[in-house]
Amino acid sequence: MQLNWIKVHVGFLGNEAADFLAKQAAKEGTHHHLQAPKCHLKTTLRTLSLNKWQQDWDSGDTGRAIFDILPKVTLTSASWSRESILFATGHGPFPSYLHRFPLHFATSCHMTLSYHFTKPSAENIQYW
């Protein structure tokens with residue numbers, strides 16, 4: 001998550017309403033002062049997000065083969081080769097996977113883009 005300042009009155013969706021509510025709160029609301037700097041808020045939000053992501057990853061029912069390899073979530077990318085990622089995720093030109101979903105891997109899977117065939121038109125799909 002990233003917190004940024006944006007210009008007012010330049011067409012951002014919801015910006016006018018947020019500006020109105022902020023002015024109303026400044027006039028009528030209770031004043032609160034943050035006891036921590038913005039960087040502390042960002043760090044706290046990042047930590048909470050990673051904890052939630054880890055809980056979802058631990059209790060999820062998809063990606064279990066990858067879970068055995070990468071059980072901990074992180075914001076840094078793993079320095080794996082393209083071939084290793086394809087193999088671990090079950091994508092790529094491997095016979096054990098190609099026989100299960102041949103049309104997906106041959107025409108639309110983003111992980112096997114370099115191996116794609118041109119997808120036939122709808123009327124020719126049964127012949128292909």
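The legends below accompany an overall view and several close-up views of a predicted model.

Figure 1. The chain has 128 residues, of which 12% count as buried.

**Figure 2. A salt bridge joins lysine 52 and aspartate 56.** Side chains of opposite charge can pair when their charged atoms come close. In this pair, the closest N and O atoms, one from lysine 52 and the other from aspartate 56, are 3.0 Å apart, and a search of the whole structure finds 1 salt bridge. Both residues belong to helix α2, where lysine 52 and aspartate 56 are 4 residues apart, or about one turn of the helix. Lysine 52 has a relative accessible area of 47% and is therefore partly exposed, since this class lies between the limits of 20% for buried and 50% for exposed. Aspartate 56, with a relative accessible area of 38%, is partly exposed as well.

**Figure 3. A nonpolar patch lies on the surface and is formed by Ile69, Leu70, Trp80 and Ile85.** Together, these residues have about 300 Å² of accessible area. Tryptophan 80, one of the residues of the patch, is found in the loop between α3, which covers residues 64–69, and α4, which covers residues 82–89. The relative accessibility of tryptophan 80 is 31%, so this residue counts as partly exposed.

**Figure 4. The loop between α3 and α4 is also the place of proline 71.** With a relative accessibility of 44%, proline 71 counts as partly exposed. Although proline 71 and aspartate 58 are 13 residues apart along the chain, a distance of 7.7 Å separates their C-alpha atoms.

**Figure 5. The largest pocket holds about 300 Å³ of space.** The residues that line the largest pocket number 14, and those closest to its centre are Ile66, Leu70, Lys72, Thr74 and Ala78. Two or more residues of the lining come from each of the elements α2, which covers residues 38–59, and α4, and the element that gives the most is α4, with 3 residues. When the lining of the largest pocket is divided by residue type, 9 of its residues are nonpolar, 4 are polar and 1 is charged. Leu70 can be looked for in two of these views, as this residue is listed in the surface patch and also among the residues closest to the centre of the largest pocket. Rolling a probe the size of a water molecule over the atoms shows where empty space is left.

Technical notes. Residues numbered from 1 in each chain as written. Predicted model: local features only at pLDDT ≥ 70, side-chain atom pairs only at ≥ 80, totals over all residues. Heavy atoms only, no water. Patch = residues over 30% accessible without salt bridge, like charges linked within 9 Å, V, L, I, M, F, W, Y side chains within 5 Å. Areas by Shrake-Rupley, 256 points an atom, 1.4 Å probe, with all protein chains shown as cover. Salt bridge = Lys/Arg side-chain N within 4 Å of Asp/Glu carboxyl O. Buried < 20%, exposed > 50% of the residue type's maximum accessible area, 1.4 Å probe, protein only. 1 Å grid on protein atoms, 1.4 Å probe; cavity = no way out; pocket = protein on both sides within 12 Å on 5 of 7 lines; lining within 4 Å. Points joined across faces, edges and corners; volume = space filled by probe spheres on them. Nonpolar A, V, L, I, M, F, W, Y, C, P; charged D, E, K, R; others polar.
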